[in-house]
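This report covers ring contacts and charges over rings in the structure shown below.

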Amino acid sequence: MTDSAPQVDDGLRTVTVEPASSSTGRPGSSSAVPRLSETAWVNRAQDGDASAFEQLVRTYEGELFRLAYRMLGDRGEAEDAVQETFVVVWRQLPTLVDPQAFRAWIYHIATRRCLNVLQRRSRQRTDVTRSDDFEAETRTQAPLHDRGEGPEAAAQTTAVRQSLEQVLATLPPEQRACWVLYELHDLTYPEIAFAIGVPLSTVRGRIARARQNLAKGMAPWR
Amino acid sequence: MALANSTTRLGCGREIDEVWANADAPPNAHELECPDCQAARASLTELKTATHDLRSRDQEDPNLRLSADLVSKITSIARAEVRRGRRIPLRPGPADGEDADLTVSEQAVATVIRHTCDQQPDIEARRCSVEIADDATDPDTEAVAIRAHLRISVAASTTSPGRIDDLRQLIIAAVQDQVGVTAQIVDIDVEDVHDA
């Protein structure tokens with residue numbers, strides 16, 4: 001008998017124990033989700049537990065989307081990149097030797113995907129990070145930490161941040177990737193070297209050049 | 001700030017990383033005198049502030065995450081491709097006998113085992129594999145016999161020497177009750193210790 005007989009599952013008690021219908025890990029039933037270490041969730045997903053994979057998706061979707069959005073500057077492309085990343089993660093999870101390396105591993109997959117998208121992108125679209133979509137979202141609401149500042153100080157803070165966003169979008173992709181991973185996602189230099197597939201010294205150089213270019217590029221807004 | 005082209009070295013010879021590393025501290029003797037370093041400090045301090053601001057804002061922005069629909073789509077793809085493993089017969093007998101269609105997936109049995117562990121506050125189930133035992137039928141009950149291999153982490157506060165044996169008995173009972181097969185061998189490896 002093979003997996004090609006789902007009606008047997010439905011007709012037997014297995015329907016009560018398959019991961020998809022288990023009381024653990026269903027979306028929205030957070031009270032039933034056990035508190036486990038990430039290693040445990042990764043191990044379970046490696047064994048084919050879709051509920052455990054769902055937990056990992058929920059844990060990482062936000063930060064991977066922010067990475068993809070800062071790299072690609074386009075919501076649709078960022079969503080595609082993150083979706084493709086998770087599908088690759090699910091399919092390749094059994095090959096992950098060290099579950100504690102999960103975070104660095106998914107950042108590797110996501111970053112490579114973003115860099116591939118940027119490589120394929122036509123020259124006309126290289127400044128897409130300033131798209132209307134992006135501008136609209138960044139202006140919809142004042143950041144929480146601006147509250148309490150005077151209007152002039154808040155406007156100044158917003159202007160400086162927006163200048164950073166704009167200069168960041170003009171950096172070469174590999175430089176931008178290193179800077180974003182280090183400054184916005186707390187990856188270490190060795191993790192970034194693994195994520196991008198370059199030596200540690202290259203990561204160090206790219207981050208230094210990114211800081212230099214950002215500081216120089218922001219000068220006209222001061 | 002005066003920067004030599006294509007390097008990260010300032011006009012005065014210092015690396016920009018050195019200035020960055022000291023940007024939160026008061027200027028040192030060199031920086032008090034050097035116009036290159038003073039200009040670099042000013043722009044890098046502003047960059048630091050803007051970086052912190054961008055980071056906080058991105059993390060707080062509810063728009064900068066996947067939509068619920070897309071999260072559901074991703075998990076649906078995963079469930080459609082779920083690896084359930086081989087089928088374990090629920091009744092002993094020949095593969096072409098009348099009960100041959102009554103099977104359960106290895107994945108389903110593993111789920112029962114993990115769920116049993118989840119009900120123990122001091123046990124964290126990790127990898128779990130299930131296969132038909134060498135003696136495919138339990139001689140006492142004539143039920144199908146399986147062998148499970150489970151790796152767990154135990155809470156550091158757990159001191160009972162019989163804890164693993166207790167867990168094994170709970171697993172055997174749960175598999176019998178919920179699946180109807182006999183967990184003839186349950187290998188349990190404690191691979192880690194965690195804070196409860």
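A charge is taken to sit over a ring if NZ of Lys or CZ of Arg is within 6 Å of the ring centre and within 35 degrees of the ring normal. K48(B) lies over the face of W20(B), at 4.9 Å from the ring centre. In chain A, the charged end of R44(A) sits over the ring of W41(A), 5.9 Å from its centre.

The model is predicted: local features need pLDDT of at least 70, side-chain atom pairs count only at pLDDT 80 or more, and totals for chains, interfaces and linings use all residues. Residues are numbered from 1 along each chain as its sequence is written, chains are lettered from A and ligands numbered from 1 in the order in which they are written, and side-chain values use heavy atoms, leaving out hydrogens and water.

Over all chains, the whole structure holds six aromatic pairs. Rings of Phe, Tyr and Trp (its six-membered ring) pair if their centres lie within 6.5 Å; planes under 30 degrees apart count as stacked, over 60 as edge-to-face and the rest as tilted. Two of the pairs are tabulated.

| Pair | Centre distance | Plane angle | Class |
|---|---|---|---|
| F53(A) and W90(A) | 4.9 Å | 45° | tilted |
| F102(A) and W105(A) | 6.2 Å | 50° | tilted |

F53(A) in helix α3 and W90(A) in helix α4 are 37 residues apart (helices are DSSP runs of H or I, at least four residues, numbered from the N terminus). Both F53(A) and W90(A) are buried, meaning under 20% relative accessible area with a 1.4 Å probe, protein chains only. Ring pairs link F53(A), F86(A) and W90(A) into a cluster.

F102(A) and W105(A) are separated by about one helical turn, because they are three residues apart in helix α5.

Definitions and conventions:
Helix = DSSP H or I, 4+ residues; strand = E, 2+ residues; numbered from the N terminus. Buried < 20%, exposed > 50% of the residue type's maximum accessible area, 1.4 Å probe, protein only.
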